[in-house]
Amino acid sequence: MPIKKLLAPAEKPHKCSLCSKSFPTPGDLKSHTYVHNGSWPFKCHICSRGFSKQTNLKNHLFLHTGKYN
Ligand SMILES: [Zn+2]
Ligand SMILES: [Zn+2]
């Protein structure tokens with residue numbers, strides 16, 4: 001069974017200025033900053049939960065509606 005290699009800190013150079021988390025790509029860091037500033041590109045209109053990707057919101061809405069629309 002292969003052992004999953006953890007990313008070394010050097011491989012995650014994009015560090016969040018608001019918490020100690022770091023990310024491998026600028027996109028990952030940008031997605032993370034929504035956690036702090038609340039300006040999510042996609043928001044659930046039912047429970048106001050925020051999402052960085054439309055697919056994530058669609059998957060989430062499925063929990064409310066039980067169907068994709
Ligand atoms: Zn952060
Ligand atoms: Zn919701």
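Ring pairs come first: I count rings of Phe, Tyr and Trp (its six-membered ring) as a pair if their centres lie within 6.5 Å, with planes under 30 degrees apart called stacked, over 60 edge-to-face and the rest tilted. This is a predicted model, so local features need pLDDT of at least 70 and side-chain atom pairs 80 or more, while totals for chains, interfaces and linings use all residues. Residues are numbered from 1 along each chain as written, chains are lettered from A and ligands numbered from 1 in written order, and side-chain values use heavy atoms, without hydrogens and water.

Searching the whole structure, I get 1 aromatic pair. The ring centres of Y34 and W40 are 5.7 Å apart with planes at 45°, so I log the pair as tilted. Y34 is buried (under 20% relative accessible area; exposed is over 50%, partly exposed in between; 1.4 Å probe, protein chains only), at 13%. W40 is partly exposed at 23%.

Next, the metal. Which protein atoms are donors of the zinc ion (ligand 1)? I find C16 (SG), C19 (SG), H32 (NE2) and H36 (NE2), 1.9 to 2.3 Å from the zinc ion; a donor is an N, O or S atom within 2.8 Å of the metal (3.2 Å for Na, K and Ca), and water is not among the atoms, so sites may look incomplete. Along the chain the donors are spaced C-x2-C-x12-H-x3-H.

The 4 donor atoms subtend angles of 104 to 115°, so I note a tetrahedral arrangement (four donors, all angles between 85 and 135 degrees).

Key: Tetrahedral: all angles 85-135°; square planar, octahedral: opposite > 155°, others 65-115°.
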